[in-house]
Amino acid sequence: MSVPRLEIETGRIERNARHLVAVLGKRGISVTGVTKAGLGSAEVAGAMLRGGVTGLGDSRIENIEALQRSGVTASITLVRSPMLSQVDRVVRHAGASLNTEMDVIEALSVAARSAGSMHGIVLMVELGDLREGILPADVAGIAHRLRALPNIEFVGIGTNLACRSGIAPDSKNMAALSALANALEAAFACTLAIVSGGNSANLLWALGESTPERINDLRLGESILLGREPLHRTVVPGLRTDAFRLVGEVIESKIKGSVPVGTIAQTAFGEPCKASDQGEVAQSLLALGRQDIDHQGLIAPPGIRVIDATSDHLIVTSARCLRIGSEITFELEYGALLRAMTSPFVDKVFIGDRGVNS
Ligand SMILES: *Cc1c(COP(=O)(O)O)cnc(C)c1O
């Protein structure tokens, strides 16, 4: 098999999805499986769907189009506000999108009308994380205007926390979203199909003591794929963290000093060199670099430590010298997974289901 490669156990993705669908289902919350880290892979999306997610979400129209080209028929929501320059593609390929700008919603309406289709709109609400979202006081006004547009359906509201500022979903901000849902339904005598509370960062709240009130959907990517919640990167009970493994190959292995010799200037990436004196160490280079991975998000096997990375080299130390040509297998955090999945130099190898305990 070629190296570097990402080995993807679709059975584990499926079982992670199934577990989350079951525990959240008990609380009246359905799961939208977010596929963006899978880069439009039908295998990843298929595993989520077999696990029981109600629909799919992706942030890139290119991924959504790729999923459809490979035969995925589930409804897919674009989870980033559409670019004005892409509204025609969005209404053709995404059943709904998350929105915050009236200009965009109007353009979606025009595009959907000429495509002869309906497009669902979820209005995103700003609840403190300061990424996307309409200020709560402005939501009703925008909802009122969009309800008058042709070929557009107001399907619900949502919010996104934690990603930009690390704001934790809690009973306060979730209650604010529920209250807004109630107020909009009362004002417009309508029913909101979707009240989407957020992403994997919502799991601690959703599986904790508080009641979900009106929240009936979560958009989950990282937890299904990597088994962790992103607030503290703890493992979600019942989930596996090893659905993805990155395999790299050793191309140099030598005993070297741990402190560089000479006058120190900038490194390739403009960061200060952070070497600390450990005496002589067994240092190995793997043919993997920042073009392929985020080295800070690699979880090395026992006995091996990731020290640094340049464009094309991953630098590790270990108790003993690693054999040239040997393969080293890492688990990944979300950022490293995104980068590895996106690198054309990393081969993607899908490993089908090997049974319940694999
Ligand atoms: C990526 C994304 C998600 C999924 O986030 P995870 O932390 O991977 O669960 C949900 N919602 C939006 C808007 C996103 O961009």
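The model is a predicted one. The largest nonpolar core holds 88 residues.

**Ligand site**

- Ser 200 places a side-chain N or O atom 2.5 Å from an oxygen atom of the ligand.
- Lys 36 has a polar side-chain atom 2.7 Å from a ligand oxygen atom.
- Arg 219 has a polar side-chain atom 2.9 Å from a nitrogen atom of the ligand.

**Nonpolar cores**

- Within the largest core, of 88 residues, the members with the most contacts are Leu 6, Ile 13, Leu 123, Ile 157 and Phe 244.
- Helix H5, residues 102-115, supplies the largest share of this core, with seven residues.
- Leaving out residues up to four places away in sequence, Ile 13 touches Ile 8, Val 44, Ala 47, Met 48, Ile 224, Leu 225, Ala 243 and Phe 244.
- A second core is separate and has five residues, including Val 79, Leu 98, Val 122 and Val 155.

**Helix H3**

- Helix H3 spans residues 61-69, and its buried residues are Ile 61, Asn 63, Ile 64, Glu 65, Ala 66 and Leu 67.
- These buried residues pack against helix H2 (42-50), strand E3 (55-58), E4 and H4.
- After H3 comes Gly 71, which has a positive phi, near 95°.

**Gln 86**

- Gln 86 sits in the loop that lies between strand E4 (76-78) and helix H4 (87-93).
- Gln 86 counts as buried because its relative accessibility is 12%, under the 20% cut-off.
- Apart from neighbours within four places in sequence, Gln 86 is in contact with Ile 61 and Glu 62; Ile 61 is also one of the buried residues of H3.
- From C-alpha to C-alpha, Gln 86 and Gly 40 are 17 Å apart in space, with a separation of 46 residues in sequence.

Notes
Residues are numbered from 1 along each chain as its sequence is written. This is a predicted model: local features need pLDDT of at least 70, side-chain atom pairs count only at pLDDT 80 or more; totals for chains, interfaces and linings use all residues. Side-chain values use heavy atoms; hydrogens and water are left out. A polar contact is a pair of N or O atoms within 3.5 Å; within protein, one must be able to donate a hydrogen and the other to accept it, and residues adjacent in sequence count only if both atoms are side-chain atoms. A nonpolar core is a set of buried Ala, Val, Leu, Ile, Met, Phe, Trp, Tyr and Cys residues joined through side-chain atoms within 4.5 Å. Buried means under 20% relative accessible area, exposed over 50%, partly exposed in between (1.4 Å probe, protein chains only). Helices (H or I, at least four residues) and strands (E, at least two) are DSSP runs, numbered from the N terminus. Contact means heavy atoms within 4.5 Å.
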